[in-house]
Amino acid sequence: MQATLNTTEPGKVTFPALDMLRSERNMIGAHIVMSLIALTFGIFMGPFQAFHRSPAFMASFAEFQIPVFSYYYQAVTVHGVMNALFFTTFFIIGFTYYVTQRSLQRAIKSVFLGWLGFGLMLVGLVLCVVTVSADPQDASVLYTFYPPLIAPPTYYIGLVLLIVGSWVATANVFITYLEWRKEHKGERSPLAVFATISNFIMWDIATIAVAIEVLGMLLPASLGLIKVTDPQLGRVLFWFFGHPLVYFWLVPAYISWYTMLPKQAGGKLFSDNLARVAFIMLLVFSIPVGVHHLFADPGVSEVSKFIQTILTLIVAVPSFMTAFNIGASLEYAGRQNGGKGLLGWIWKQKWNDPVVAAQLIAMLVFATGGMSGMINASAQLNIAVHNTSWVTGHFHTTLGTAVTLTFIGILYWLLPMIRGRKLFSTKAALWQVYSWGIGMTIFAASMGQAGLEGAPRRADLGNSPYLTDLAKNWLNLTAIGGAILLVSSILLFVNIIGTIFFSKQPVVEGAPIETRGNPNAPAILERWSFWIAVTVVLAIFAWGPVFVQAIDFNNGWNVLRYLPSGLQLK
Ligand code: HAS
């Protein structure tokens, strides 16, 4: 299909109905397909880890040893790096390119930059996969790669390429947006683009810290250029980035919930302005909260922990606003579909449409994930749950369901659009969506309960002698959740392969995309220089003292090389 040149505005490309420029279709398609390849590496590790941590499973299948799956820390590293870092980033960039060009009704500025970013991330992916797969011990540093664990240099170079590739992609979107702004002075951008810009600004600021950690500490250590490292400083730099990372994943899901789901469900968004405020809050408050991952760290002061606890409670507010805004939109849609009474609108949702059902289930599970997040955020309760499998339960409801299941819902319309063929099987998609919801609920709830019974978070527990009987029972249940998720993952990939290779009917519809911004949205919300300044000032206020405490000034000029005295590397 061809996009048509708009003759009234020379040079501008319009996108009637389902048309997409072939070059863009290829670029977006390449990102989505690569995200699915990364997901394939990562996703299938999950159930096998659950089996490995289940005492009953290990007792029954003691001989069950598949290389890679059997080396627990190696498998967790592949699982985390591929799912949390590569799948998400490739998918978000592909989806964002699609949303941006459709919403702004103009081509992404540079196809060259698009492929450059893609190429860098692809090389990064290959380096990471090869390095982690090569040896069970060598690069099993997990997706958090805390020092003093040190992986081979190729692992860090892979991560650097992922980040730099994502910067190239964000620059491409910023340039496209700025050119649109020049031609649409005084107009408000469509909500999806507004959210994307806020998300990418946040990402670019947050990733500076992890770039410093990798380039200044980990890569030199891995190359043997330095002999000492500082685990506390490494953790501080990582979590400056690590918490915004979770919102980098969440915002594209919110884009779908806010700008597509209300129409897909048969209604309209309750409040565009409220949504814009939520996205601005996510930009401003995502960064100054990462200390809530460091509550148990002795090298961070109680005052910083207190300040960032308060800020953590604030960063949950935009999600509460989202619950009300989307809840009201869904109620409206349900009533339009004939729902009566107090709760009748719930049953009138399109539960048999996989695109809608995936997002509804994602939200319902996210409501529990949000609550567990609030529990984590309380410094006192955090001491009880930190480093237990409770945390694993938390992030499988948030990242594993709210984000991933929403992305799967998006995939069920985006992949057919890119391929130009209908989804291979709507029925299989429905089974997949529901089995994901059920499997993940069993998995996350029992992981959480096992954590409360003392099961540690990252440990090969299947044969462990020191687990309580209760913890063992819950861990056995996680294996059942894992088995259901394995079936769900197979259904997902059957549908993907079927859509790409076997589907014959042409696709007839995609997702509803808003091409106009709300003209009544306050102009201040789109004054990005102001919000960048607020974000940076707040980040300095919240993180400045943490960095000052973490950097060992007694060690003189080493500070400049990010090498305060610390642990000797072997
Ligand atoms: Fe978290 C640890 C606190 C959100 C991911 N989190 C993690 C880790 C990950 C992660 C991966 O305070 C582990 C990191 C590691 O490797 O160590 N998290 C929070 C808080 C929130 C939160 C307060 N987390 C997320 C999101 C994630 C994510 C989102 C991924 C996408 N998290 C923590 C803390 C830790 C932590 C500590 C450290 C724990 C430790 O000790 O190690 C909040 O932002 C959550 C707010 C969300 C809500 C829910 C709103 C509900 C909505 C749905 C409404 C439903 C409707 C349905 C409308 C308040 C929007 C209607 C439908 C019908 C059909 C009726």
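Modeller: Start with the side chain of Thr499: one of its polar atoms lies 2.6 Å from the backbone oxygen of Asn495. This is a predicted model, where local features need pLDDT of at least 70, side-chain atom pairs count only at pLDDT 80 or more, and totals for chains, interfaces and linings use all residues. Numbering runs from 1 along each chain as its sequence is written, and side-chain values use heavy atoms, with hydrogens and water left out.

Thr499 sits in helix H18, residues 469-502 (a DSSP run of H or I, at least four residues, numbered from the N terminus). The side chain of Thr499 also has a polar atom 3.1 Å from the backbone nitrogen of Phe424. Phe424 is among the residues that Thr499 touches (heavy atoms within 4.5 Å). Thr499 counts as buried because its relative accessible area is 0% (buried is under 20%, with a 1.4 Å probe and protein chains only).

Now set Tyr155 beside it. Tyr155 belongs to helix H6, residues 153-183. Tyr155 is buried too, because its relative accessibility is 0%. A polar atom of the Tyr155 side chain lies 3.1 Å from the backbone oxygen of Leu142. Beyond four places in sequence, Tyr155 contacts Leu142 along with Thr77, Val81, Cys128, Thr131, Val132, Val141, Tyr143 and Phe145.

Note on methods. Helices (H or I, at least four residues) and strands (E, at least two) are DSSP runs, numbered from the N terminus. Buried means under 20% relative accessible area, exposed over 50%, partly exposed in between (1.4 Å probe, protein chains only). A polar contact is a pair of N or O atoms within 3.5 Å; within protein, one must be able to donate a hydrogen and the other to accept it, and residues adjacent in sequence count only if both atoms are side-chain atoms.
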